[in-house]
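Q: Please take a close look at one part of this protein: the open sheet and what surrounds it. I would like one connected account.

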Amino acid sequence: MVRNEKGDRRERELVNRLDEAGFAVMRAPASGAATTRELPDVLAGDGTAFYAVEAKSSAGDPIYLTGEEVEALVYFAQNFGARPKIGVRFDREDWYFFHPSELHVTDGGNYRVKKETALADGETIDDLAAAGERDADGADVEGVLQAVAQGALTVEEATEMLS
């Protein structure tokens with residue numbers, strides 16, 4: 001299988017799952033190597049909650065993201081008015097989502113999600129939908145504060161995201 005075929009198929013699967021859950025959703029066809037612009041893989045919203053998702057899948061364990069991928073996601077989400085989410089899917093498992101601040105940061109500045117962590121602590125698509133129902137103003141306060149604590153966001157950026 002060509003390197004990106006499985007990832008593309010997984011992204012399309014995620015789009016379909018989010019659509020079935022009631023989100024307006026689109027896959028960013030220019031994400032990844034197709035453009036120099038930093039775009040998330042998927043954008044989804046339900047009228048109250050809006051998500052910019054960087055999607056990763058793996059047959060093995062764990063999944064790694066570069067610091068640059070995560071920073072680009074947070075930057076885009078902030079400017080777009082969406083909540084940044086890392087969506088991970090391990091073979092024979094469902095999709096699980098994390099705010100970037102919830103991920104383990106390696107000594108090299110990359111991010112890691114282990115399968116056991118995803119299954120135990122990850123949010124599901126239903127959780128994402130319920131968050132929109134609970135939080136009509138779209139502010140992911142806890143996630144933003146965690147991002148400030150980890151240095152992924154400045155106080156000024158966090159203030160802008162929450163206002």
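A: What follows goes from the whole chain to the sheet, then to the residues around it.

This is a predicted model, in which local features need pLDDT of at least 70, side-chain atom pairs count only at pLDDT 80 or more, and totals for chains, interfaces and linings use all residues. Residues are numbered from 1 along each chain as its sequence is written, and side-chain values use heavy atoms, with hydrogens and water left out.

**The whole chain**

The protein has 6 helices and 8 strands. Helices here are DSSP runs of H or I with at least four residues, strands are runs of E with at least two, and both are numbered from the N terminus. The order of elements from the N terminus is α-β-β-β-β-α-β-β-β-β-α-α-α-α. Of the 163 residues, 42% count as buried. Buried means under 20% relative accessible area, exposed means over 50%, and partly exposed lies in between (1.4 Å probe, protein chains only). The protein exposes about 8,800 Å², and 47% of that comes from carbon and sulfur atoms. These areas come from the Shrake-Rupley method with a 1.4 Å probe; for residues, only the protein chains shown count as cover. Among contacts with a separation of 6 or more, 58% join residues 24 or more positions apart. A contact means heavy atoms within 4.5 Å.

The open sheet has 5 strands in the order 1-2-3-5-6, with mixed pairing. Strand 1 and strand 6 (95-98) stand at the edges with a single partner strand each, so one side of each has no neighbour in the sheet. Neighbouring strands are turned by 25° against each other on average, direction ignored. For such angles, axes are lines fitted to C-alpha atoms, for helices over the stretch in contact, and angles run from 0 to 180 degrees between N-to-C directions. Two strands pair if DSSP finds at least two bridges between them. Strands of a sheet pair through backbone hydrogen bonds, either parallel or antiparallel.

Both kinds of pairing involve strand 5. Strand 3 and strand 5 (residues 83-90) run parallel and are joined by 8 bridges. Val53 has Lys85 as its bridge partner in strand 5. Strand 5 and strand 6 run antiparallel, with 4 bridges. Ile86 has Phe98 as its bridge partner in strand 6. These two strands form a hairpin with 4 residues between them. Arg92, in the turn, has a positive phi of about 65°.

**The annotated site**

UniProt, in an unreviewed entry, places the feature "binding site" at Glu11, Asp41 and Glu54. UniProt positions follow the numbering used here, feature names are shortened, and annotations may be inferred rather than shown by experiment. The three residues span 44 residues in sequence, yet no two of their C-alpha atoms are more than 9.4 Å apart, so they gather at one spot.

Asp41 lies in the loop between strand 1 (24-27) and strand 2 (42-45). Asp41 is buried, at 4% relative accessible area. Glu54 lies in strand 3 (residues 50-58). Glu54 is also buried, at 8% relative accessibility. Leaving out residues up to four places away in sequence, Glu54 touches several residues, including Asp41, Glu69, Lys85 and Ile86.

Val15 is found in helix 1 and counts as buried at 14% relative accessibility. Val15 touches Val25, Met26, Arg27 and Val42, not counting residues up to four places away in sequence. Val15 and Met26 are 11 residues apart in sequence, with C-alpha atoms 6.5 Å apart.

**Aromatic pairs**

The structure holds 2 aromatic pairs. Rings of Phe, Tyr and Trp (its six-membered ring) pair if their centres lie within 6.5 Å; planes under 30 degrees apart count as stacked, over 60 as edge-to-face and the rest as tilted. Phe23 and Tyr51 are edge-to-face, 6.0 Å centre to centre, with 70° between the planes. Phe23 sits in the loop between helix 1 (3-20) and strand 1, and Tyr51 in strand 3, so the pair links distant parts of the chain, 28 residues apart. Both Phe23 and Tyr51 are buried.

The rings of Phe76 and Phe80 have centres 5.3 Å apart and planes at 20°, so this pair is stacked. Phe76 and Phe80 are 4 residues apart in helix 2 (residues 67-80), about one helical turn. Phe76 counts as buried, at 16% relative accessibility.
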